[in-house]
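Here is a report to read side by side with a protein model. Keep the picture open and find each residue as it comes up.

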Amino acid sequence: MGKKRTQLKIVNSGKRSSEDILSAVARIKGVEKLEMDVNKAILTVVGEVEPVPIFMALKKICVKVEIVSVGPPKPERPNDQHQPWRPGPAPSCQYGCNSYCKQCELIAVGHPFSAADSGQCSIL
């Protein structure tokens, strides 16, 4: 038995909420994915499960359904928009060593010292 995509139309759910319907079907062995369109009252079940156990589980909680379609699942499209992060090229050394090195990180910062200097920094 392979994967199937079963669509059921919920005719009369009575006082049952969509959570009750989904939890009843989710207990069935072989169910991989559940979707429910509340506006259209269509339940879609994907997995290695026959339509009869789904029908029986919903009948136990007093929900009347009609089978709309049974067939192979739709192939999932790969998400082309999501690209994995890849590191960019390493910065090259200004001294020509063709790699990023610790020597390039060093920056000389000096302060000229004079006798008249009070030790304070002045930025001009």
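## Strand 1 and its two partners

K9 stands opposite E66, a residue of strand 4. Strands here are DSSP runs of E with at least two residues, helices are runs of H or I with at least four residues, and both are numbered from the N terminus. Another link to strand 4 is made by I10, whose bridge partner there is V65. Altogether, strand 1 (residues 4-12) and strand 4 pair in the antiparallel sense over 7 bridges; two strands count as paired if DSSP finds at least two bridges between them.

Strand 1 also pairs with strand 3, again in the antiparallel sense, over 6 bridges. Look for L8 here: its bridge partner in strand 3 is L43. In general, strands of a sheet pair through backbone hydrogen bonds, either parallel or antiparallel.

## How to read the model

This is a predicted model, in which local features need pLDDT of at least 70 and side-chain atom pairs count only at pLDDT 80 or more, while totals for chains, interfaces and linings use all residues. Residues are numbered from 1 along each chain as its sequence is written, and side-chain values use heavy atoms, with hydrogens and water left out.

## The whole chain

The protein chain holds 3 helices and 4 strands. Of the 124 residues, 20% are buried, where buried means under 20% relative accessible area, exposed means over 50%, and partly exposed lies in between (1.4 Å probe, protein chains only).

The accessible surface comes to about 10,300 Å², and carbon and sulfur atoms account for 54% of it. Such areas come from the Shrake-Rupley method with a 1.4 Å probe, and for residues only the protein chains shown count as cover. Among contacts with a separation of 6 or more, 62% are between residues 24 or more positions apart; a contact means heavy atoms within 4.5 Å.

S23 lies in helix 1 and is partly exposed, with a relative accessible area of 31%. The C-alpha atoms of S23 and L34 are 9.7 Å apart in space, and the two residues are 11 apart in sequence.

Leaving out residues up to four places away in sequence, T44 touches R5, T6, Q7, K33, L34 and E35.

K4 lies in strand 1 and is partly exposed, with a relative accessible area of 22%. The C-alpha atoms of K4 and G47 are separated by 5.5 Å, although the residues are 43 apart along the chain. With residues up to four places away left out, the ones that K4 touches include V45, V70 and P73.

## Two loop residues with positive phi

Most residues other than glycine have a negative phi. A41, which is not a glycine, has a positive phi of about 60°. A41 sits in the loop between strand 2 and strand 3.

C62 is not a glycine either, and has a positive phi of about 65°. You will find C62 in the loop between helix 2 (51-60) and strand 4. C62 counts as exposed, at 60% relative accessibility.
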